[in-house]
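This report goes through selected local features of one chain. The sequence and the model come first.

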Amino acid sequence: KKIAILFSGEGSNLEKLLACLHNQVFEHCKIKVAIAICNRPNAAGIEKSRSYGIEPLIIDHARYESREAFDEALVEAIHHSGAELTVLAGFMRFLTPYFTQQVKAINLHPSLLPLFKGGNAIKESFDSPMKVAGISVHYVSEELDGGEIIAQRCFEKSEGMSLEDFEAKIHTLEHELLPETVKNLLNRN
Ligand code: GRF
């Protein structure tokens, strides 16, 4: 089974996913990365991808005159790769209906959706009066962070937890949940 991975920055989730595939953590499920795509030429994740022998395709959004034109390039590359599932692992671009209608994709979001959609989720959920926080993996739809929720993990905010601790906890959970969800989805069909 082939997947595409899209990323924009640090690439820690990309790295964990690649490590799981490399170490064959998913025993009965053979998953191959058909393509990794990065939209920022200087992203730290590029080296991480290379360290697993995957040369990412750089599709720099700044070189396209519209979101649609950028999305067309993404869709073409994904379709050409033969990936049946696309995983957004820290991919920080709004996607147009041109993309969402043609590509089956999942996204990782650092909050308990439908709460705290958007780019400031970690800070907003840290600052909220809620006693719990968490992360979500959901299908990508036209609405930002609004597609069907597939899996979530939550934790209790502890007394005196700093924003750094909170963020670290979020990332630890993300690193577990994303690979697990990819495996479960691909095992299902
Ligand atoms: C993660 O917190 C994810 O939830 C959000 O972007 C971040 C990506 O981190 N969508 P990394 O690039 O995988 O380290």
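The sections below cover the basis of the model, the backbone features, an annotated histidine and the ligand shell.

## Basis

This is a predicted model, in which local features need pLDDT of at least 70, side-chain atom pairs count only at pLDDT 80 or more, and totals for chains, interfaces and linings use all residues. Residues are numbered from 1 along each chain as its sequence is written.

Helices (H or I, at least four residues) and strands (E, at least two) are DSSP runs, numbered from the N terminus.

## The loop between β5 and α5

Strand β5 covers 105-109 and helix α5 covers 121-127, and P114 sits in the loop between them. The peptide bond joining L113 and P114 is cis, with omega about 10°.

F116 belongs to the loop between β5 and α5 as well. Although F116 is not a glycine, its phi is positive, about 55°. F116 counts as buried because it has 22 C-beta neighbours inside 10 Å. The term buried requires 20 or more other C-beta atoms within 10 Å of the residue's own; exposed means 12 or fewer, partly exposed lies in between, and C-beta atoms are placed from the backbone.

## The loop between β6 and β7

D145 is placed in the loop that links β6 (132-139) and β7 (149-156). Its phi is positive, near 55°, in a residue other than glycine. With 20 other C-beta atoms within 10 Å, D145 is buried.

## H109

The unreviewed UniProt entry lists H109 for "active site". UniProt positions are given in the numbering used here, feature names are shortened, and annotations may be inferred rather than shown by experiment.

H109 is part of strand β5, and it is buried because 22 other C-beta atoms lie within 10 Å. Apart from neighbours within four places in sequence, the contacts of H109 are A121, I135, S136, H138 and D145. Contact here means that the C-beta atoms of two residues, placed from the backbone, lie within 7 Å.

## The shell around the ligand

Of the 14 residues around the ligand, the nearest are E10, S12, N13, G90 and P110. The elements giving two or more residues to this shell are α1 (12-22) and β5. The largest share comes from α1, with three residues. A residue is near a molecule if its C-beta atom, placed from the backbone, lies within 6 Å of it.

By type, the shell holds five nonpolar, seven polar and two charged residues. Ala, Val, Leu, Ile, Met, Phe, Trp, Tyr, Cys and Pro count as nonpolar, Asp, Glu, Lys and Arg as charged, and the others, Gly among them, as polar.
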